Amino acid sequence: MIMNRDSNIYTVVYASVMVVLVAVVLAFTSQALRGYQKKNEDNDKRQQILRSIHVKATANEAETRYNEVIKEAFLVNDKGEKIEGDAFSINVVKAFAQHTYPVFIANVEGKTKYIMAMQGAGLWGPLWGYIAVDDDRNTIFGADFSHAGETPGLGAEISGAAFSSRFSGKKLFYDNTFKSVAVVKPGKSVANRDYVDGISGSTITSKGVDKMIFDSLNGYVQFLTSQNQ
Amino acid sequence: MGLLSSKSKEILLGPLSKNNPVIVQMLGICSALAVTSKLEPSIVMGISVTAVVAFANVIISLLRNTIPNRIRIIVQLVVVAALVTIVSEVLKAFAYDVNKQLSVFVGLIITNCILMGRLEAFALGNGPWAAFLDGIGNGVGYAVILVIIGFFRELLGSGTLLGLRVVPQAFYDFGYVNNGLIILPPMALIVVAVIIWVHRSRNKTLQEN
């Protein structure tokens, strides 16, 4: 086969055919693996929710443990009223934009815990997490944070237990007003609200976590206070 | 090794030592520093790069007589990018946790200099079998270095190997502490340097004056 490999037509046709072939192969791979990936993502989400109430589960047992521990999952609006919707599979960013907030009710050793979703921004990308409160709807029982691409060894440390365990026992309300929990530079302190140490060397991620907790839980305030009186 | 001619043997085994992509050619250093704080991601990264470089080499080698010269780099990039995307999707489906740890570095295999280097220097001028061996050789050469670095960094930095505790509790009771510094990328560079030092002192031919 004799062909002029330097001609424009050959080059354009070659590039077009190549691109179409690659697109087909990639689309096929993506479709074929979609089911497995979805399952992994769901189990990962279950593990995050379970970590916020100190329940350890491997990816394989996440689904069983989740079904055991989580008694109820629903959405609330910004007036604290229960509304229709699937709390687990809803996209938290979209839900917050429509002023709907996922709530998970867990039963840990006979005690009721309320788990709320959080969504915010770090230095390089989105942050998200779950925070669980005791049945006084004020004292934090546990928390779990995740991130898309914070700096390993610095901002990425927020996803470790060393950071999230600092939140246990902190109060969201001070003098009956919602104050959230501040994330401060290690060694600093703030007046009139509870605070935890941030991560040294990752100021922006720490501030992002601070803002995320405040902004996200702000939508839950009515829900948290509605049955508090 | 009876199946391989002496030339094939050299193509396959050369990159493991005398012509190692990381410690002799100094390619792929970036990812070698970034993913090696634990042993498991080092192994997965090594396997992923080996798979990508071997198949990219074969594909480019098969296409080498048809590729228009003016867009050959683009063709190589498309082939590599497609393979990396497939590897990334497979990891997401079957090794989700490791994929999370490797995060952006799977995508960055595309820019790993070893790939473009082998495609340009070898696959464009050799047949598919030789190119496959070359890819495996270079991938394994890279993986071996990553595993060595990952081994020492996880052992000294976390006291574990593949997540299992190997430094006994008694050591900690006597005041032994994990070296947090070795988890940070600069220490990986120093580990690489020590490997290069040992390697050069054993291979006189590689020493420069």
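## Basis of the description

Two strands are said to pair if DSSP finds at least two bridges between them. Helices (H or I, at least four residues) and strands (E, at least two) are DSSP runs, numbered from the N terminus. This is a predicted model, in which local features need pLDDT of at least 70 and side-chain atom pairs count only at pLDDT 80 or more, while totals for chains, interfaces and linings use all residues. Residues are numbered from 1 along each chain as its sequence is written, and chains are lettered from A and ligands numbered from 1 in the order in which they are written.

## The sheet of chain A

Chain A holds an open sheet of six strands in the order β2-β1-β3-β4-β5-β6, with antiparallel pairing. Because β2 and β6 (140–147) of chain A each have a single partner strand, they form the edges, and one side of each is left without a neighbour in the sheet. Helix α1 (residues 8–51) of chain A lies across β3, β4, β5 (126–133) and β6 of chain A. The helix runs at about 145° to β6(A), where axes are lines fitted to C-alpha atoms, for helices over the stretch in contact, and angles run from 0 to 180 degrees between N-to-C directions.

## Strand pairs and hairpins

Strand β1 (residues 70–77) of chain A is joined by seven bridges to the antiparallel strand β3 (residues 100–108) of chain A. Within this pair, V76(A) has Y101(A) as its bridge partner, and N77(A) stands opposite T100(A). β1(A) also pairs in the antiparallel sense with strand β2 (residues 82–83) of chain A, over two bridges; here V76(A) is opposite K82(A). Four residues separate the strands of the β1(A) and β2(A) hairpin, in which G80(A) takes a positive phi near 85°.

Six bridges connect β3(A) with strand β4 (residues 111–121) of chain A, again in the antiparallel sense. I105(A) of this region stands opposite Y114(A) in β4(A). The hairpin formed by β3(A) and β4(A) has two residues between the strands, and E109(A) in the turn has a positive phi of about 45°.

## Fold of chain B

Chain B contains ten helices and two strands, which run α-α-α-α-α-α-α-α-β-β-α-α from the N terminus on. Its radius of gyration, taken over C-alpha atoms, is 19 Å, close to the 17 Å that the globule rule (2.2 Å times the number of residues to the power 0.38) gives for 209 residues, so chain B is as compact as a globular protein of that length. The C-alpha atoms of chain B fill a box of roughly 65 × 45 × 35 Å along the principal axes.

Of the 209 residues in chain B, 39% are buried; a residue is buried if 20 or more other C-beta atoms, placed from the backbone, lie within 10 Å of its own, exposed if 12 or fewer, and partly exposed in between. Two residues are in contact if their C-beta atoms, placed from the backbone, lie within 7 Å. Among contacts in chain B between residues at least 6 apart in sequence, 77% join residues at least 24 apart.

## Nonpolar cores

A nonpolar core is a set of buried Ala, Val, Leu, Ile, Met, Phe, Trp, Tyr and Cys residues joined through C-beta atoms within 7 Å. The largest has 49 residues, of which A32(B), V49(B), V52(B), A56(B), V79(B) and L83(B) touch the most other members. Elements giving two or more residues to this core include α3 (39–63), α4 and α8 (128–158) of chain B. Leaving aside residues up to four places away in sequence, A56(B) touches V79(B), V80(B), L83(B), L115(B) and L119(B). Another core, of 44 residues, lies apart from it and has F141(A), L172(A), V181(A) and M212(A) among its members.

## Contact between the chains

The contact takes 20 residues from chain A and 19 residues from chain B. Helix α4 (residues 72–94) of chain B supplies ten residues, the largest share of the side of chain B that touches chain A.
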